[in-house]
Amino acid sequence: MIPELGQLALILALLLSALQCVLPIVGAWRDHRPLMATARPLAVGQFVFVGIAFGILTHAFLAQDFSVAYVAQNSNLQLPWWYRFPAVWGAHEGSLLLWVLILDIWTLAVAALGGKLPERFHARVLGVLGFVAFGFLLFSLTTSNPFARLIPAPMDGADLNPVLQDPGLIMHPPVLYMGYVGFSVAFAFAIAALLGGELQSAWVRWSRPWTNVAWGFLSAGIVAGSWWAYSELGWGGWWFWDPVENASFMPWLVGAALVHAQAVTDKRGGLRAWTLLLAIFAFSLSLLGTFLVRSGVLTSVHSFAADPKRGVFILGFLAVVVGGSLLLYALRARFVAGGKPFALASRETLILVGNLMLTVAAATVLLGTLYPLVGEALDIGRISVGAPYFGFLFMLLMTPLVLALPFAPLSRWGKADPASWKRAAWRIVGLSVLAGIIGWILGARGFMPLLGVTAATYVLSGTALYAIKRWKEAPAGKRYPLEMFGMLCAHVGVGVFIAGAILTRSLSVEQDVALVPGQTAHVGAYDFRFDGVAETQGPNWLAQQGTVEVSRNGEAIVTLHPQKRTYPRGQVQTEASIHPGVFRDLYVSLGDPIGPSTGPGGTNGEWALRVYDKPFVRWIWAGGLLMMLGGFCAAADKRFRVRREAPEAVVETPSIPTRPAEQNA
Amino acid sequence: MNPVRKRRLIAAALILASVAAATALTVFALQQNMTYLYSPSEVEAGKSPISTPFRLGGVVREGSIRRVSGTLQTDFTVTDRFHDLRVQYTGILPDLFREGQSVIATGHMSGGHFTATEVLAKHDETYMPKEVADAIAKAKAAHREAGSSEQGAGSRGKTDGVPDLSPPTQKKSGPGQAPGPARSSLPPASSPLPAPPQK
């Protein structure tokens with residue numbers, strides 16, 4: 001009975017979202033105030049019903065109601081209660097519901113905080129958000145209903161995939177979705193501006209914190225996913241260029257470009273059309289990512305055949321959203337163009353270079369991710385695009401961005417002083433070379449480690465140079481407004497990330513070894529003594545737990561306990577044991593027993609072990625978290641909350657937009 | 001030329017140049033890093049590359065896993081139920097690697113066997129990657145075309161393309177217990193050939 005109520009709530013939410021899409025937009029078109037005023041109550045109503053549906057599904061998991069097919073597939077009696085919450089979003093149907101719920105939370109926030117926006121614009125924004133919710137609710141109800149019954153109900157459910165039974169899962173999808181879905185606000189702003197045919201800088205300013213927050217969440221979600229893969233998959237890698245990872249990385253790249261383009265539009269009025277286009281792309285890629293990952297299209301285009309309805313719906317919805325918004329863009333973008341002109345040597349140009357690199361990087365990732373589908377559709381054969389493709393192109397494309405990065409904050413808007421670039425360049429390059437020499441003395445030999453040290457120092461010293469400049473030039477108290485602090489924070493994050501990524505890659509010592517108890521493996525500067533394997537029991541698993549004593553020059557450091565867990569249905573899951581550190585992680589994961597065992601229970605047999613010494617690996621995630629913090633800090637700036645009476649950039653009329661004479665200062 | 005136009009021209013030229021460069025590099029990188037998937041039957045028929053890497057898809061034949069004591073070398077047979085190919089791998093195998101499981105191995109031919117540098121088994125143990133299923137289906141179709149009938153009996157087996165997983169009881173019977181069927185030196189009576197899944 002209760003699950004049927006959940007379904008009913010979803011249907012009601014669908015109806016409300018349809019109204020939320022149509023009424024406010026018609027109202028804005030006809031300038032009909034009562035119709036526009038329906039947007040908010042409809043958004044609230046939709047949120048309430050989706051919330052009820054989500055609550056009912058959660059209840060079904062907590063109460064172990066296996067008559068609900070989705071619960072039966074993704075839970076069982078032995079699943080500890082704390083994993084029954086994340087199990088709600090552990091598979092396709094539930095994660096779709098979570099997606100809609102998060103969309104409704106964002107919509108609610110826009111409805112509540114958007115009171116200062118012009119009424120028509122606000123109504124259009126909520127209408128567009130209503131359309132997105134409508135699409136997802138329809139998708140959920142018609143092709144992936146989480147409340148579908150399984151009659152007769154099984155005595156016990158299957159299981160939540162053991163890979164997902166990790167604290168990482170609790171965090172990862174909701175945070176990632178907060179990011180994905182957050183771009184819907186920037187998207188709704190872009191579409192609303194195109195519908196109205198005008199774009200005021202004040203509106204872009206208002207939408208900036210939303211983009212920054214969404215991007216911050218996406219950064220955090222990707223960091224959580226990377227950390228989870230590192231600790232859970234037992235491979236010790238932090239990024240595999242896997243299609244699922246790429247799906248979250250593409251919106252992140254475009255989102256990073258959008259954050260910067262919006263800053264230009266806000267401060268200078270320029271790059272308006274580009275900002276709108278990026279907002280459309282960022283959200284389209286989020287949609288693509290969500291669908292690709294959850295529908296299983298990525299392993300093969302033929303997954304469509306498994307459930308043709310799902311595939312067709314996905315394609316249709318993507319076509320409507322992407323095609324529709326691009327068509328609208330083509331028709332209306334010229335009405336929103338404008339802004340102050342800028343010289344070739346200016347902050348705008350540098351930001352544009354970064355934007356270009358980020359979007360091209362996103363495009364190459366998209367190409368590599370979708371290429372196997374294209375190859376299959378054209379019947380060329382089963383193609384797989386290897387990680388080196390992504391790695392090579394990404395490094396190449398990020399080089400100009402990293403080179404330009406320290407100079408953008410140091411340059412003035414409109415027209416920068418190339419002489420000041422030269423001075424700064426000498427200092428930055430000097431410091432980088434110095435760091436390289438220090439790195440050499442400390443033992444970083446070879447091209448890659450030195451590249452890591454110098455590149456990271458290049459970014460960090462450039463950012464520090466700007467911080468010092470502000471300290472000297474700006475009056476106390478106004479030196480680092482939150483927006484600027486956020487920028488500094490995120491740029492420091494880039495530097496820390498570069499150090500982590502390159503140093504981990506080049507300095508890691510990774511060895512797969514076969515050890516009998518008592519035997520020692522020397523990996524890097526460390527000795528790993530294997531002390532055998534014993535059995536241990538968890539709430540819903542049985543594990544073989546190894547004991548590995550780590551020491552350096554005879555000095556004991558830590559005892560690690562890697563596990564190989566067996567879950568009720570016989571699924572095996574490796575749990576790596578990690579000794580974390582600021583400068584290095586020591587990582588051991590258990591492979592298989594090899595060869596004949598000698599003792600009772602086989603604990604004296606020989607085992608395969610994966611032993612890693614991974615320097616600076618934490619810096620990768622620290623960098624990501626600093627970027628996240630940067631996004632959040634910038635969004636909290638007071639500047640975004642105060643609405644000025646007279647926006648300084650007046651509505652541009654469709655005229656030749658860049659004639660300097662027409663620009664008002 | 002007025003400054004605005006000049007600036008635009010420079011911008012357009014820069015964008016065009018970088019797009020061209022990016023396209024060229026992308027095509028290059030794609031060509032360098034693309035690998036195709038073949039089934040053992042296709043390898044047998046000589047369709048796979050001889051020296052360059054490719055991916056081999058199929059099912060780990062029951063009773064074919066051998067480990068070389070004291071090293072991390074594992075030998076096993078990948079089959080599409082019509083032809084077999086011996087695979088050699090040194091390293092730690094993924095959690096879901098076991099007999100009857102579908103796998104994708106990346107590597108190259110060396111002599112009569114396939115030397116794998118990477119072995120992937122999917123995270124969901126009931127799931128057969130569509131690519132492997134298709135490879136098996138293709139092998140079956142090719143086999144049928146060849147007009148041989150003596151193996152037709154195989155289709156009397158399970159219709160599900162995913163062969164049975166090693167029974168969970170094997171794991172529950174205690175760690176490292178006397179090697180189960182996976183490490184037995186005698187291959188079991190050849191299992192019935194399952195028909196490929198779906199269509």
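**Figure 1. A buried cysteine, C489(A), in a predicted model.** C489(A) is buried, with a relative accessible area of 10%. This is a predicted model, so please read each view below with that in mind. The cysteine sulfur closest to that of C489(A) belongs to C633(A), and the two are 5.4 Å apart, too far for a bond. A disulfide is a covalent bond between the sulfur atoms of two cysteines. Over all chains, the count of disulfides comes to zero. Another cysteine to look for here is C21(A), which is buried with a relative accessible area of 15%.

**Figure 2. Helices α1 and α3 of chain A, packed together.** Two packed helices are described by the angle between their axes and the distance between the axes. Helix α1(A) covers residues 2–30, and its axis comes within 8 Å of the axis of α3(A), with a crossing at roughly 160 degrees. That angle makes α1(A) roughly antiparallel to α3(A). The crossing of these two helices is left-handed. If you sort the residues of the α1(A) and α3(A) contact by class, you find 19 nonpolar, six polar and no charged residues.

**Figure 3. The crossing of helices α8 and α10 of chain A.** Here helix α8 (residues 167–196) of chain A packs against helix α10 (residues 243–268) of chain A at an angle of about 45 degrees, and the axes are 11 Å apart. This makes α8(A) oblique to α10(A). The crossing of α8(A) past α10(A) is left-handed. On the α8(A) side, L176(A), Y180(A), F183(A) and A186(A) make the contact. Their partners in α10(A) are A247(A), S248(A), P251(A), G255(A), L258(A) and Q262(A). Seven nonpolar and three polar residues take part in this contact of α8(A) with α10(A), with no charged ones.

**Figure 4. Helices α17 and α18 of chain A, seen at their contact.** Helix α17 spans residues 418–442 of chain A and helix α18 spans residues 447–473 of chain A. Their axes come within 8 Å and cross at roughly 140 degrees, so α17(A) is oblique to α18(A). This time the crossing, of α17(A) past α18(A), is right-handed. Residues to pick out in α17(A) include A424(A), R427(A), I428(A), L431(A) and W440(A), while those in α18(A) include L450(A), V453(A), Y458(A), G462(A) and L465(A). By class, the contact of α17(A) with α18(A) has nine nonpolar residues, six polar and one charged.

Figure 5. Most residues other than glycine have a negative phi, and most peptide bonds are trans. The peptide bond from I151(A) to P152(A) is cis, with omega near -5 degrees. You will find P152(A) in the loop between α7 (119–143) and α8 of chain A. Q64(A) is not a glycine, although it has a positive phi of about 55 degrees. The loop between α3 (39–62) and α4 (69–74) of chain A holds Q64(A), and this residue counts as buried at 14% relative accessibility. F616(A) likewise has a positive phi, near 60 degrees, and is a residue other than glycine. F616(A) sits in the loop between β11 (606–615) and α20 (617–635) of chain A, where it counts as buried at 17% relative accessibility.

Figure 6. Of the 199 residues in chain B, 46% are buried. Among the contacts in chain B with a separation of 6 or more, 61% come from residues 24 or more positions apart. Now zoom in on A121(B), which is in strand β7 (residues 113–121) of chain B. A121(B) is buried, with a relative accessible area of 13%. Leaving out residues up to four places away in sequence, A121(B) touches P94(B), L96(B), F97(B), Q101(B), S102(B) and V103(B). S102(B) is 19 residues from A121(B) along the chain, and the C-alpha atoms of the two are separated by 6.6 Å.

Methods. Residues numbered from 1 in each chain as written. Chains lettered and ligands numbered in written order. Predicted model: local features only at pLDDT ≥ 70, side-chain atom pairs only at ≥ 80, totals over all residues. Heavy atoms only, no water. Disulfide = S-S within 2.5 Å. Buried < 20%, exposed > 50% of the residue type's maximum accessible area, 1.4 Å probe, protein only. Axes fitted to C-alpha atoms, helices over the stretch in contact; angles between N-to-C directions. Helix = DSSP H or I, 4+ residues; strand = E, 2+ residues; numbered from the N terminus. Parallel < 35°, antiparallel > 145°, perpendicular 65-115°, else oblique. Left-handed = near helix turned anticlockwise from the far one by under 90°. Contact = heavy atoms within 4.5 Å. Nonpolar A, V, L, I, M, F, W, Y, C, P; charged D, E, K, R; others polar.
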